[in-house]
Structure formats: C-alpha cells, structure tokens
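Me: I am new to this structure. Please show me how to read its features, one at a time.

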Amino acid sequence: MVSATIDLLKKELPVEEGSLVLSKDVKTGLVLVDVVNGFCSVGAGNLAPVKPDKQISYMVKESARLAKLFCGEKWPVFAFLDSHHPDIPEPPYPPHCIAGTDEARLVPDLQWLENEANATLKCKDCIDGFLGSVEKDGSNVFVDWVKKNQIKAILVVGICTDICVLDFVCSTLSARNRRMLTPLEDVIVYSGACATFDLPVHVAKDINGALAHPQDLMHHIGLYIAKGRGARIVSEVSFAAL
C-alpha cells in the first residue's frame, strides 16, 4: 500500500533531478545539516534510528566523502549540529541532542571536522539552521561565512530532508532573494546525501501524539517542496579535474 502510494506521488508530483560537476570556476561551499549521532547512529537517542537504516547510512557515507573532498581542496565547509539545553524543550519532539552529550556530536565518520581549520561548526537549538545561526548581537554566522568566502553556490546535505534540511533551504532561498547573502546564487540539494527517519503508521498509532512519517514518502515530499521554493535538486555529484 505504501509503495503504491509513493509510486503514485512520484508520478503526480515528479522531482526532476540533475547532476552536478563541481569545479573551481564556481566558488561552492558544502553545508552539512545535523549529521550527528542523535539522528544518525543506531540507538543513540530518542530520535536516532533503532536499527541500521539504508537511507541514513548512505547519507552519512556521501556526506563524509564530500567533506573529505571539499577540505582536501580547501573549499569551505559549514556544519550544523543540533544541540539543545536540557531545560528547553523543542515541541513536538522528545528530548534529543542535549548539549555536551554524544548525541550532539558529529557522527564518527565526520568528527575529524572538529579539528579541521577549513570547517565552520555551528551548534543550533532550533529546526531551522538559518535562524539558529543568529547570534545575540544580531549577526548571523552562516551569512558571515557565505560573505567571507564569497560563495556563489552551496551544496546542502544532511538530515532530515523534510524538516531541518528543508527549513534551512527555504530560509536561505528567501534570504538570497532579499540580497542578504550576496554573492550567493544557487542552493543545491543532493538527494542521495539527504535522509529522513521512518515512522510507519502502524507504529505511530501506538505513540501518543505521533504523526506517521513514512521515510521514502517524506523524503520525496521534502525534495519536491525544496525544488518548488527554487532549490536545484541533484542525484549525482562529481568533481571536475582539479
């Protein structure tokens, strides 16, 4: 039933995906959204997968591959880390990614970024990383990163496709359209390096207040909405001879 619904959705709401070849001709930055243990590592917390998940595992693998390649070329990398104060809830979600715990750390394959001079790490305490980048003095760490590095395109990867990734992409596109992110032109989402969680309806109905969240369906919807807002969606990312 779910598979048939997804096939129908993809037919009625298709998402055309292109390919991306990165080169030094266009200054591109990599943005990693919440590739942390609390969302990606099995059994790491309330919102972590309870068993190995193919979509999430591939997202982590591709995110790590791209991060290595970007840092190897000294291209800018920005990583959001979901991080919450234990006494400040984030409805409707249960406590997760509490600051100072392993949940709020990057997954093991990306923890080397903590000591990487080419990477900017930003802890955020809300779904939308763009808003989460606002400092007490009104400045925005992400905006400053784009301008400092004169970035013309960002490649966005991470989790969840339809939640934190989508909210960040939409806010960034609006800020770009308002000329707040000059010289940024393109916001590109790599579908294979994005993932979301799976909560089937038969499981959700036994959890008070939970909404069903079929993984493949919501992943597709997240990509569809991002494209509708003006993002480019790509299914392949490669590097030109550098």
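Me: Is threonine 196 buried or exposed?
Reply: Buried means under 20% relative accessible area, exposed over 50%, and partly exposed in between, with a 1.4 Å probe and protein chains only. Threonine 196 has a relative accessible area of 0%, so threonine 196 is buried. This is a predicted model: local features need pLDDT of at least 70, side-chain atom pairs count only at pLDDT 80 or more, and totals for chains, interfaces and linings use all residues. Residues are numbered from 1 along each chain as its sequence is written, and side-chain values use heavy atoms, with hydrogens and water left out.

Me: Where does threonine 196 lie?
Reply: Helices (H or I, at least four residues) and strands (E, at least two) are DSSP runs, numbered from the N terminus. Threonine 196 lies in the loop between β6 (186-195) and α7.

Me: Which residues is threonine 196 in contact with, leaving aside its neighbours within four places in sequence?
Reply: Contact means heavy atoms within 4.5 Å. The list for threonine 196 includes Gln55, Ile56, Asp162, His213 and His219. Take histidine 219: 23 residues from threonine 196 in sequence, yet 6.0 Å away in space, C-alpha to C-alpha.

Me: Where does histidine 213 lie?
Reply: Look in the loop between α7 (201-204) and α8 (215-229). Histidine 213 counts as buried because its relative accessibility is 7%.

Me: What joins the side chains of aspartate 162 and histidine 213?
Reply: A polar contact is a pair of N or O atoms within 3.5 Å; within protein, one must be able to donate a hydrogen and the other to accept it, and residues adjacent in sequence count only if both atoms are side-chain atoms. Here a polar contact of 2.7 Å joins the two side chains. A polar atom of the histidine 213 side chain also lies 2.9 Å from the backbone oxygen of phenylalanine 197.

Me: Which side chain of opposite charge is nearest to aspartate 162?
Reply: Lys and Arg count as positive, Asp and Glu as negative; His and the chain ends are not counted. A salt bridge needs a side-chain nitrogen of Lys or Arg within 4 Å of a carboxyl oxygen of Asp or Glu. For aspartate 162 the nearest is lysine 124, 12 Å away. Aspartate 162 is buried and has no salt bridge. Its place is the loop between β5 (153-159) and α6 (164-177).

Me: Which residues does valine 169 touch, not counting those up to four places away in sequence?
Reply: Valine 169 touches Val156, Val187, Val189, Ala226 and Ala231.
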